Amino acid sequence: QVQVVQSGGGLVQAGDSLTLSCATSGGTFSGGAMGWFRQTPGKEREFVAALSWSTGYLMYADSVKGRFTIARDNAKKTAYLQMNSLISEDTAVYYCAADPGLHPSWALRDGSTYSYWGQGTQVTVSS
């Protein structure tokens with residue numbers, strides 16, 4: 001049974017850093033992709049960052065480029081989202097998503113690409 005388990009998150013002040021983790025188990029994602037999305041009440045889910053597990057290709061939303069870094073640990077089957085210089089607009093529930101398939105880069109920002117989702121974790125940035 002595939003599982004995608006998130007950890008990290010919490011309450012921080014503006015300018016602080018936070019790291020989210022996303023561990024996968026029960027499946028093989030070495031040829032697939034992993035993405036991070038976020039959502040605030042009343043708004044649609046928003047793409048944050050993604051990586052291709054096989055090629056190492058990385059992509060970011062413009063709103064987080066230069067502040068967030070997505071990384072992977074192949075041995076641990078875990079992806080990370082390092083968030084620096086956090087601002088109040090980053091406050092949201094963050095979700096990681098994984099899919100074992102090979103997808104073109106343009107598809108990685110689309111939530112429908114991913115088959116498996118984490119439970120979500122709240123990140124609150126106080127200003």
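Which residues do ring pairs link into a cluster? The cluster consists of Phe37, Phe47, Tyr114 and Trp117. The model is a predicted one, in which local features need pLDDT of at least 70, side-chain atom pairs count only at pLDDT 80 or more, and totals for chains, interfaces and linings use all residues. Residues are numbered from 1 along each chain as its sequence is written, and side-chain values use heavy atoms, with hydrogens and water left out.

**Aromatic pairs**

A pair of aromatic rings is described by the distance of the centres and the angle of the planes. Rings of Phe, Tyr and Trp (its six-membered ring) pair if their centres lie within 6.5 Å; planes under 30 degrees apart count as stacked, over 60 as edge-to-face and the rest as tilted.

| Pair | Centre to centre | Angle between planes | Geometry |
|---|---|---|---|
| Phe37 and Tyr114 | 5.6 Å | 75° | edge-to-face |
| Phe37 and Trp117 | 5.2 Å | 50° | tilted |

Phe37 belongs to strand S4 (residues 33-39), whereas Tyr114 sits in the loop between strand S9 (92-99) and strand S10 (116-117), so their pair ties together parts that are 77 residues apart in sequence. The pair of Phe37 with Trp117, a residue of strand S10, likewise links distant parts of the chain, 80 residues apart.

Burial is judged by relative accessible area (buried under 20%, exposed over 50%, partly exposed in between; 1.4 Å probe, protein chains only). Phe37 and Tyr114 are both buried, and the value for Phe37 is 2%. Trp117, at 28%, counts as partly exposed. Arg45 lies over the face of Phe37, 5.6 Å from the ring centre; for such a placement, CZ of Arg or NZ of Lys must be within 6 Å of the ring centre and within 35 degrees of the ring normal.

**The chain as a whole**

The protein chain has zero helices and eleven strands, where helices (H or I, at least four residues) and strands (E, at least two) are DSSP runs numbered from the N terminus. Its C-alpha trace spans about 40 × 25 × 25 Å along the principal axes. Of its 127 residues, 42% count as buried. Among contacts (heavy atoms within 4.5 Å) between residues at least 6 apart in sequence, 58% join residues at least 24 apart.
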